[in-house]
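My notes follow in the order I took them.

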Amino acid sequence: MPGLTLGDTLPNLEVETTHGKIKLHDYVNNSYTIIFSHPGDFTPVCTTELGMMAAYADKFAQRGVKLLGLSCDDVNSHNEWIKDIEAFNNGHKVTYPIAADPKKNIIKQLNMVDPDDTQSPSRALHIVGPDKKIKLSFLYPASTGRNMDEVVRALDSLLKASKHKIATPANWKPGEPVVIAPSVSNDEAKEMFPQGFDTADLPSKKEYLRFTVV
Ligand code: BEZ
């Protein structure tokens with residue numbers, strides 16, 4: 001069983017957090033929400049990651065996106081750890097809640113367990129849509145800290161693709177051309193993208209790689 005994956009509905013768990021009890025669906029409400037797990041409190045990479053999330057909190061808020069951290073210790077431990085996170089990360093305040101999971105029940109239900117060590121959480125990250133479905137997941141081992149620029153970039157791609165019939169190509173960054181979805185015919189594309197589009201001239205002469213700016 002792969003566990004919770006793309007397209008699945010986030011289980012509506014009640015979780016203890018540093019901001020009190022939260023029902024996951026109430027927390028998501030109508031917003032995109034990033035839920036990210038950590039192996040444990042007072043560990044080095046996690047301290048840098050949660051601090052970086054705090055430093056990036058404004059970028060997520062500008063996009064209307066909520067954050068929810070998770071670490072497999074209790075709320076008292078989280079509250080002590082937050083002092084270290086803020087001190088190490090130039091005083092950036094941890095304004096988002098951190099869920100507690102000392103019994104490691106939540107990580108199992110959210111598919112955040114390291115498959116190599118089923119007693120440990122991995123560095124998992126789910127982006128949940130306003131419909132409470134999983135839109136994107138990262139699964140990193142404990143040894144690899146996540147790149148928050150990549151989280152923002154992937155989020156921007158998701159948000160753009162939710163508004164237009166497009167996809168974002170390799171190494172895409174906001175402001176760069178996007179590709180028109182293969183399901184859109186050239187006639188439809190002319191109406192949908194009045195700004196125009198460029199079709200790559202490929203050896204196959206198939207017109208499937210069409211770039212536009214939205
Ligand atoms: C860390 O956060 O640095 C870490 C946590 C668990 C295992 C390995 C590294």
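This is a predicted model: local features need pLDDT of at least 70, side-chain atom pairs count only at pLDDT 80 or more; totals for chains, interfaces and linings use all residues.

Entry 1. I started from the record. The UniProt annotation "active site", from an unreviewed entry, covers Cys46. I located Cys46 in helix 2. Is Cys46 buried or exposed? Its relative accessible area is 1%, so Cys46 counts as buried. I then listed its contacts, leaving out residues up to four places away in sequence: Cys46 touches His38, Pro39, Gly40, Trp81 and Arg123.

Entry 2. Trp81 was in that list, and I followed it next. I searched the whole structure for aromatic pairs and found three. One of them joins Phe42 and Trp81, with 6.3 Å from centre to centre and 45 degrees between the planes, and it is classed as tilted. Which parts does the pair tie together? Phe42 lies in the loop between strand 3 (33–38) and helix 2 (44–55), while Trp81 belongs to helix 4 (residues 75–88), so the pair links parts that are 39 residues apart in sequence. Phe42 comes out at 45%, so it is partly exposed.

Entry 3. I went on to helix 4 itself. It has 14 residues and spans 20 Å from its first C-alpha to its last, close to the 20 Å expected at 1.5 Å a residue. I looked up its buried residues: Val75, Ser77, His78, Trp81, Ile82, Ile85 and Glu86. As background, residues three or four places apart in an α-helix point the same way, because there are 3.6 residues a turn. What do the buried residues of helix 4 pack against? I found strand 1 (14–17), helix 2, strand 4 (66–71) and strand 5 (98–100).

Entry 4. I inspected both ends of helix 4. Following the helix I found Asn90, with a positive phi near 55 degrees.

Entry 5. Last, I looked for charges over rings. Lys59 places its charged end over the ring of Tyr56, 5.2 Å from the ring's centre. Lys66 lies over the face of Tyr27, and I recorded 5.4 Å from the ring centre.

Note on methods:
Residues are numbered from 1 along each chain as its sequence is written. Side-chain values use heavy atoms; hydrogens and water are left out. Rings of Phe, Tyr and Trp (its six-membered ring) pair if their centres lie within 6.5 Å; planes under 30 degrees apart count as stacked, over 60 as edge-to-face and the rest as tilted. Helices (H or I, at least four residues) and strands (E, at least two) are DSSP runs, numbered from the N terminus. Buried means under 20% relative accessible area, exposed over 50%, partly exposed in between (1.4 Å probe, protein chains only). A charge sits over a ring if NZ of Lys or CZ of Arg is within 6 Å of the ring centre and within 35 degrees of the ring normal. UniProt positions are given in the numbering used here, feature names are shortened, and annotations may be inferred rather than shown by experiment. Contact means heavy atoms within 4.5 Å. The expected span of a helix is 1.5 Å times one less than its number of residues.
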